[in-house]
Amino acid sequence: MKIATWNVNSLKVRLPHVLDWLAAHQPDALCLQELKCENKGFPLAEIEAAGYHAVFNGQKTYNGVAILTKEPLADVVYDIPGFADEQKRIIAGTLDGVRIVCGYFPNGQAVGSEKFAYKMAWLEALTGWLKSELQSTPKLVLAGDYNVAPEDRDAHPDWKDEIHVSVPERDAFKALIALGLTDAFRLFEQPERSFSWWDYRLMAFRRNFGLRIDHLLISAPLVDKCSACYTDKEPRKLERPSDHTPVVIELA
DNA sequence: ATGTCGAAACATTTTCGA
């Protein structure tokens, strides 16, 4: 089973890239973030024409998540149960016994800001919910844009902002790991300075001035089954790219 | 210019968020 995650920064703008990528890579599931479109504007016909089912949780202008799958998902959940939130950041479903959770984690803006407090509260709610999800579905993949670079090697050494690399954010990431999850990317040898996001400004992609903030965490029963995890930088080189690249895992 | 991008609206330019 091949599962990928990709923050597309507007599904409307990026739809041609997404359709091309689906055709070329044939993932069993593709988790998308930052749709920036309402459910009524979701391009379902185009995605179905490409041979995919879709579940989606969108809103106007901001946020929005979806999971595209070759086979239909079961037990779909929208938003974190019990966490009151206007922002559409979570969708989950089960595919062949694997619980796939797709998340667009809050950005947080700046350490200490109101948005940072929201980010931390959201992360705590997510962690609490996943604890119970793991009890009912031990095979689980948490895919998405975490907006956290978990270790120093996941950020360009010249990254000066605290946001995405601060201690509280990294502690929240560790709390997810402590649920029994593993960062699939680090199961394998990776090139130095492997990132998944580069700012549009300052020629950041060309300079490889980026962060690794898009992740696939997998639960213990999936670790031995995981045969590969990699980023695909090709879409970042296209005209009008998303600022994020897809990250992929392959499960035997 | 915090040097780009995408969306929205008191809209052909400005604002907000990222």
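**Ile218 and what lies around it**

Mentor: Not counting residues up to four places away in sequence, Ile218 touches Leu140, Val141, Gly180, Leu181, Thr182, Ala184, Leu187, Val223, Cys226 and Ile249, where contact means heavy atoms within 4.5 Å. Keep in mind that this is a predicted model, so local features need pLDDT of at least 70 and side-chain atom pairs count only at pLDDT 80 or more, while totals for chains, interfaces and linings use all residues. As for bookkeeping, residues are numbered from 1 along each chain as its sequence is written, chains are lettered from A and ligands numbered from 1 in the order in which they are written, and side-chain values use heavy atoms, with hydrogens and water left out.

Ile218 also belongs to the largest nonpolar core, which has 25 residues; Ile3, Ile67, Ile100, Val141, Leu216, Ile218 and Ile249 have the most contacts inside it. A core here is a set of buried Ala, Val, Leu, Ile, Met, Phe, Trp, Tyr and Cys residues joined through side-chain atoms within 4.5 Å. Buried is under 20% relative accessible area, exposed is over 50%, and partly exposed is in between, using a 1.4 Å probe and protein chains only. At least two residues of this core come from each of strand 2 (29-33), strand 4 (65-69), strand 6 (90-95), strand 7 (98-104), strand 8 (140-145), strand 12 (214-219), strand 13 (226-231) and strand 14 (247-251). Strands (E, at least two residues) and helices (H or I, at least four) are DSSP runs numbered from the N terminus. With four residues, strand 7 gives the most to this core. Another core lies apart from it, with 21 residues, including Ile90, Ala92, Leu140 and Leu181. In soluble globular proteins, nonpolar side chains tend to be buried together.

Cys226, one of the residues Ile218 touches, is buried at 7% relative accessibility. The sulfur of Cys226 sits 6.1 Å from that of Cys229, the closest cysteine sulfur, so the pair is too far apart for a bond. Cys102 isn't in one either, with the nearest cysteine sulfur, in Cys31, 4.4 Å away. Cys102 is buried at 0% relative accessibility.

Now on to Trp197, in strand 10. Trp197 is buried at 11% relative accessible area. Leaving out residues up to four places away in sequence, Trp197 touches Trp159, Gly210, Leu211, Ile213, Asp214, Asp243 and His244. With Asp243, the side chains make a polar contact at 3.2 Å. Such a contact is a pair of N or O atoms within 3.5 Å; within protein, one must be able to donate a hydrogen and the other to accept it, and residues adjacent in sequence count only if both atoms are side-chain atoms.

Asp199 sits in the loop between strand 10 (197-198) and strand 11 (210-211), and it is buried at 18%. A polar atom of the Asp199 side chain lies 2.7 Å from the backbone nitrogen of Arg201. Beyond its neighbours within four places in sequence, Asp199 is in contact with Ala204, Phe205, Phe209 and Arg236.

For Arg240 the distance to a phosphate oxygen of DNA strand B is 3.3 Å. Arg240 is in the loop between strand 13 and strand 14, is exposed at 62% relative accessible area, and has a positive phi near 50° though it isn't a glycine.

Altogether, 15 residues surround DNA strand B, with Ser10, Arg14, Thr61, Asn107 and Arg201 the closest; near means a heavy atom within 4 Å. By class, that surface has four nonpolar, four polar and seven charged residues. Ala, Val, Leu, Ile, Met, Phe, Trp, Tyr, Cys and Pro count as nonpolar, Asp, Glu, Lys and Arg as charged, and the others, Gly among them, as polar. Of the DNA strand B atoms within 4 Å of the protein, 83% belong to sugar or phosphate and the rest to bases.

Key. Disulfide = S-S within 2.5 Å.
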